[in-house]
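Hi everyone, thanks for coming.

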Amino acid sequence: MSTTRQHPPGDLGPEPDGAPAGTGGGPGTVLPGGRVRALALGNASGIVPLARDFTRQALYDWGWLPAANADRRAAAEDVLLVVSELVTNACLHAEGPDRLRISSDTKVLRLEVTDLGAGQPAPRTPHRAGRPGGHGMFIVQRLCLDWGVVRTPGMTGKTVWAELAAPA
């Protein structure tokens, strides 16, 4: 799993709201043929449950939920856990999250959490399962196909992204 790999650049077309889509795996990336949802988190209270509820609704709207079988249910639970971990990390280590963005196509669901922090998320090494705390990015690394961090030169903050496989 990578913490810095960016997707290859390419023109992914316009956002549903007419704004141009990003390229290179950065904020604004839309998966080809996909759906997109975004939620501003800057001044919200109860940010982690808000992010989970927002994501859960997207999963319902996109047919991941209600789950038809145990594999589909596990896939949806993994998405909700990763959202919780990414948003919690932004709260604890990056001055709070600014935005959650979810995009999905038939094969991949992409989560993006944008914050104003300068830190670089990384799994704690060595990972010690019995030690409290510090498991967030290890969980993200284990559950996701890939994840990384995108920074925009000259801008404060970063976007931490993670991709999970869509259920079969």
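Let me begin with a term: a polar contact is a pair of N or O atoms within 3.5 Å, and within protein one of them must be able to donate a hydrogen and the other to accept it. With that in hand, look at the start of helix H2, where asparagine 69 caps the N-terminal end: one of its side-chain oxygens is 3.1 Å from the backbone nitrogen of aspartate 71.

Before I go on, please keep in mind that this is a predicted model. The mean pLDDT of the protein is 80, with 72% of the residues at 70 or more. Be careful with residues 1-27, where pLDDT stays under 50. The model does have 59 contacts beyond four places in sequence for that stretch.

Back to H2. This helix covers residues 70-93, 24 residues in total. From first C-alpha to last, H2 reaches 34 Å, close to the 34 Å expected at 1.5 Å a residue. Just after H2 comes glutamate 95, with a positive phi of about 65 degrees.

Now pick out alanine 76, which is found in H2. Is alanine 76 buried or exposed? Alanine 76 counts as buried because its relative accessibility is 2%, and the cut-off for buried is under 20%. What is alanine 76 in contact with, once we leave aside its neighbours within four places in sequence? The answer is Leu59, Trp64 and Leu65.

Arginine 56 takes us to the charged pairs. How many salt bridges does the structure hold? It holds six. In one of them, arginine 56 pairs with aspartate 53, and the closest N and O atoms are 2.9 Å apart. Both residues sit in helix H1, residues 47-61, and are three residues apart, about one turn of the helix. Arginine 56 is partly exposed, because its relative accessible area is 27%. Aspartate 53 is partly exposed too, at 46%.

The strands bring us to another group. Arginine 101 forms a salt bridge with glutamate 112, with the closest N and O atoms 3.9 Å apart. Arginine 101 belongs to strand S2 (residues 97-104) and glutamate 112 to strand S3 (residues 108-115), so this pair ties together parts that are eleven residues apart in sequence. Glutamate 112 also meets arginine 110 in a salt bridge, at 2.7 Å from N to O.

Which residues make up the network of salt bridges here? They are Arg101, Arg110, Glu112 and Glu163. Glutamate 163 lies in strand S5, residues 158-165, and its side chain joins that of arginine 110 through a polar contact of 2.9 Å. As for burial, arginine 101 and glutamate 112 are both buried, and arginine 110 is buried as well. Glutamate 163 counts as buried because its relative accessible area is 5%.

Methods. Residues numbered from 1 in each chain as written. Heavy atoms only, no water. Helix = DSSP H or I, 4+ residues; strand = E, 2+ residues; numbered from the N terminus. Expected span 1.5 Å × (residues − 1). Salt bridge = Lys/Arg side-chain N within 4 Å of Asp/Glu carboxyl O. Buried < 20%, exposed > 50% of the residue type's maximum accessible area, 1.4 Å probe, protein only. pLDDT = per-residue confidence, 0-100. Contact = heavy atoms within 4.5 Å.
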